[in-house]
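Hi everyone, thanks for making time this morning. I'd like to walk you through one structure, so let me put it up on the screen.

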Amino acid sequence: LFKNTGEWIAKCQTFEGGFGSRPGTEAHGGYTFCSLAALILLNRTHLIDKKQLLHWAVHRQMRFEGGFQGRTNKMVDGCYSFWQGGIFPLLHHIISPDNFNSQNGWLFSQVALQDYILFCCQYPSGGLVDKPGKSRDY
């Protein structure tokens, strides 16, 4: 690691609350998950706007489909079930470290996400797809 790695990662947080690939770029689910995980490992989460990050993250789950989009104004994509869904346990750990328990649920609709994955993202002969009508990921 380089000196000030945490500070550089924090500069990648956008006005929306998520993180881009570098300062000044669009917030993206994959970069947000990795950035948040890195900041936790570096013990540098005090450098970011957690409230804005939470606001951005909860608005990535689409009400109709139930799945997550990776970026604002983009379509739902099955891979973001991991990237966006994985942000919530990390945020929960930061916001409420003494009450880290998923029994009460996360801050998104777990049932809607489960339905999206089971009904829309399974390929008939095995594997998962990004969205209905697409080929499976290998």
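I'll talk about a pair of helices to begin with, and then about aromatic rings. Please keep in mind that this is a predicted model.

Let's start with helix H2, residues 29-41, and helix H5, residues 87-95. Their axes come within 10 Å and cross at roughly 30 degrees, and the crossing is left-handed. Who makes the contact? On H2 you'll find Gly 29, Thr 32, Phe 33, Leu 36, Ala 37 and Ile 40. H5 brings Ile 87, Leu 90, Leu 91, His 93 and Ile 94. Sorted by class, that gives eight nonpolar residues, three polar ones and no charged ones.

Phe 33 turns up again in our next topic, as ring pairs link it with Phe 82 and Trp 83 into a cluster.

How many aromatic pairs are there in the whole structure? The search finds six. The one I'd like to show you is Phe 68 with Phe 108, which is edge-to-face. The ring centres are 5.4 Å apart, with 65 degrees between the planes.

Now, where do these two sit in the chain? Phe 68 is in the loop between helix H3 (50-58) and helix H4 (80-83), while Phe 108 is in the loop between H5 and helix H6 (110-120), so their pairing ties together parts that are 40 residues apart in sequence.

Phe 68 has 0%, so it counts as buried. Phe 108, at 15%, is buried too.

That's my tour, and I'm happy to take questions!

Note on methods:
Residues numbered from 1 in each chain as written. Predicted model: local features only at pLDDT ≥ 70, side-chain atom pairs only at ≥ 80, totals over all residues. Heavy atoms only, no water. Axes fitted to C-alpha atoms, helices over the stretch in contact; angles between N-to-C directions. Helix = DSSP H or I, 4+ residues; strand = E, 2+ residues; numbered from the N terminus. Left-handed = near helix turned anticlockwise from the far one by under 90°. Contact = heavy atoms within 4.5 Å. Nonpolar A, V, L, I, M, F, W, Y, C, P; charged D, E, K, R; others polar. Phe/Tyr/Trp six-rings, centres within 6.5 Å; stacked < 30°, edge-to-face > 60°. Buried < 20%, exposed > 50% of the residue type's maximum accessible area, 1.4 Å probe, protein only.
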